[in-house]
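Here is a short report on strand pairing and salt bridges. Please look over the model first.

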Amino acid sequence: MPSPQVTIVEANGARIPAIGLGTMTLKGDEGTRAIKTSLDLGYRHLDTAAVYETERENAAALAASGVKRADVFITTKIRQDDAMPDDFARKVDECLANLKMPQVDLLLIHWPSKTVPIKLTIGALCKAKKEGKTKHIGLSNFTTALLDEAWAATTEPLVCNQIEVHPFINQDKLIAATEKRGMAVVAYCPIARGKVPGAEVLDKIGKTHGKTAAQVSLRYLIQRGMVAIPRSTKPDHLKANIEIFDFKLSDAEMADLRKLNATNMRVVNPPHAPVWDTL
Ligand SMILES: NC(=O)c1ccc[n+]([C@@H]2O[C@H](COP(=O)([O-])OP(=O)(O)OC[C@H]3O[C@@H](n4cnc5c(N)ncnc54)[C@H](OP(=O)(O)O)[C@@H]3O)[C@@H](O)[C@H]2O)c1
């Protein structure tokens with residue numbers, strides 16, 4: 001069972017704990033330790049990807065924690081280089097072998113391919129679900145136009161779009177398009193890769209609640225109905241990042257945080273990124 005205080009986001013049949021641990025870079029013993037600490041603290045949602053090469057650490061941490069597999073929501077993703085159906089299917093099997101489990105909870109297309117037609121990769125994603133290799137399927141880094149294409153091609157419900165969201169970016173258009181489909185928005189880089197701590201407005205709001213700027217950023221996302229997947233190696237940060245269900249930001253505080261969206265600072269923008277939506 002998820003830690004009692006963590007809310008659940010329901011999306012097209014999936015029940016996703018609103019806080020998950022992002023496990024990018026959580027490699028080796030230090031990574032395994034951080035993932036295990038998160039499970040000890042009550043995290044019941046882990047986010048990995050083939051390209052992170054942290055699936056083995058997720059498996060080791062889960063085994064060491066004593067937490068039942070059925071009680072943890074595990075997401076993995078397959079990137080654009082493996083967008084062709086045969087490559088995709090092979091990668092799914094590799095992911096499951098590394099995770100030491102027959103099925104993940106959620107399998108995502110990590111980035112839309114610029115060369116392989118979406119319907120081919122969506123077909124491979126649906127096939128993985130039909131074969132029982134994942135409970136749910138979803139997308140990551142899909143624009144509004146690409147969401148339409150994906151929905152036109154899919155035979156199974158898509159439960160999320162995992163995208164960059166934090167107070168310093170305006171994703172309103174993409175969030176609205178995602179939610180219109182009943183999908184969850186899973187916010188990656190939810191504390192803007194460390195740019196949130198120390199930010200004046202967030203610090204000030206945090207002080208009135210006895211919370212840190214990072215906690216304010218996470219609470220802002222949760223209060224907007226999103227799922228957030230912060231990453232940390234530090235036990236105190238891991239603890240803080242899940243202690244966000246015992247306070248509420250006021251409408252005025254939410255409005256002040258929304259004003260920061262105009263900063264339009266994108267932390268992740270690799271060459272394979274699509275042409276992003278603008279407002
Ligand atoms: N789908 C995609 O394309 C995509 C892209 C990027 C990321 N992601 C996913 O999203 C996850 C999170 O994104 P991210 O790791 O890039 O960025 P992030 O979670 O926004 O920021 C991580 C950084 O913030 C620090 N931090 C964490 N908690 C803190 C706290 N309470 N106070 C102060 N500093 C804190 C961490 O350092 P310490 O270790 O020192 O705490 C780390 O340097 C990734 O791990 C990955 O799973 C997905």
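Which residue forms a salt bridge with D256? K259 does, with the closest N and O atoms 3.3 Å apart. A salt bridge here is a side-chain nitrogen of Lys or Arg within 4 Å of a carboxyl oxygen of Asp or Glu. Both residues lie in helix α10 (residues 251–259), three residues apart, about one turn of the helix.

This is a predicted model: local features need pLDDT of at least 70, side-chain atom pairs count only at pLDDT 80 or more, and totals for chains, interfaces and linings use all residues. Residues are numbered from 1 along each chain as its sequence is written, and side-chain values use heavy atoms, leaving out hydrogens and water.

The structure holds 20 salt bridges.

| Pair | Closest N to O |
|---|---|
| K27 and E53 | 3.3 Å |
| D256 and K259 | 3.3 Å |

K27 and E53 link distant parts of the chain, 26 residues apart. D87, R90, K91 and E94 form a salt-bridge network.

Strand β8 (residues 158–164) has seven of its seven residues buried, meaning under 20% relative accessible area (1.4 Å probe, protein chains only). Helices (H or I, at least four residues) and strands (E, at least two) are DSSP runs, numbered from the N terminus. Strands pair if DSSP finds at least two bridges between them. β8 pairs in the parallel sense with β7 (residues 134–140) over three bridges. Its pairing with β9 (residues 184–188) is also parallel, over five bridges. L158 is the bridge partner of I137, and A184 that of C160.

How values were computed
Buried < 20%, exposed > 50% of the residue type's maximum accessible area, 1.4 Å probe, protein only.
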